[in-house]
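Here is a short report on one helix and on the aromatic rings of this structure. Look at the model first, then read on.

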Amino acid sequence: MNEIKWEFSEELEKEDLLDDFETEYAYRLPHDLKELIKNHNGGVPNKPVFDRPRKGMVLSNLLSFQQNGEETVYMVIDNFRLNGTIEMLPFATDGFGNMICCKKGAIVFWNHETNQVENIADSLGAFLEMLHE
């Protein structure tokens with residue numbers, strides 16, 4: 001198993017913050033993503049590199065689900081709504097404006113310049129396993 005250590009994680013302000021998010025945005029967080037956010041909200045992994053869709057890509061940090069965080073999901077969520085529905089949920093950034101998102105359980109990379117979406121992994125677990133130094 002790929003043991004990742006997370007730094008700079010922020011404790012969620014309240015226990016039901018993610019439940020409130022799901023209600024407000026009518027988006028059901030996958031259980032494994034919800035657990036990752038609960039435990040490492042806004043965190044930075046010690047193994048940030050992944051090689052899909054291209055070699056040497058980087059997960060800079062998880063987005064914060066705190067309303068008043070520095071780099072929050074709330075700052076970018078509207079870019080991912082289509083007719084009021086969230087098509088994919090951004091949960092991490094590469095530090096250059098691109099997002100790592102959950103789309104129907106799969107993990108995808110969204111390029112902010114081209115609006116192109118590329119598959120990274122079939123699940124969050126598979127994505128986390130591919131992270132390395």
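Helix 1 (residues 17–25) has five names on its buried list: L17, L18, F21, E22 and Y25. They span an arc of only 140° around the axis, so they sit on the same side of helix 1. The model is a predicted one. The face turned away from that buried side carries T23 and E24, which are exposed. What covers the buried residues of helix 1? The cover includes helix 2 (31–40), strand 6, strand 7 (85–86) and strand 8 (89–93). Just after helix 1 comes A26, with a positive phi of about 50°.

Two buried residues of helix 1, F21 and Y25, also belong to an aromatic cluster with F65 and Y74.

Now the ring pairs. The whole structure holds 6 aromatic pairs. Two of them are set out here.

| Pair | Centre to centre | Angle between planes | Type |
|---|---|---|---|
| F50 and F127 | 5.2 Å | 75° | edge-to-face |
| F80 and W110 | 4.8 Å | 70° | edge-to-face |

The pair of F50 and F127 links distant parts of the chain. F50 is in strand 3 (residues 49–50) and F127 is in helix 3 (residues 124–130), 77 residues apart.

F80 lies in the loop between strand 5 (61–62) and strand 6 (81–82), and W110 lies in strand 10 (residues 106–110), so their pair ties together parts 30 residues apart in sequence. F80 has 3% relative accessibility and therefore counts as buried. W110, at 8% relative accessibility, counts as buried too.

Key. Residues numbered from 1 in each chain as written. Predicted model: local features only at pLDDT ≥ 70, side-chain atom pairs only at ≥ 80, totals over all residues. Heavy atoms only, no water. Phe/Tyr/Trp six-rings, centres within 6.5 Å; stacked < 30°, edge-to-face > 60°. Helix = DSSP H or I, 4+ residues; strand = E, 2+ residues; numbered from the N terminus. Buried < 20%, exposed > 50% of the residue type's maximum accessible area, 1.4 Å probe, protein only. Arc of directions from axis to C-beta. Contact = heavy atoms within 4.5 Å.
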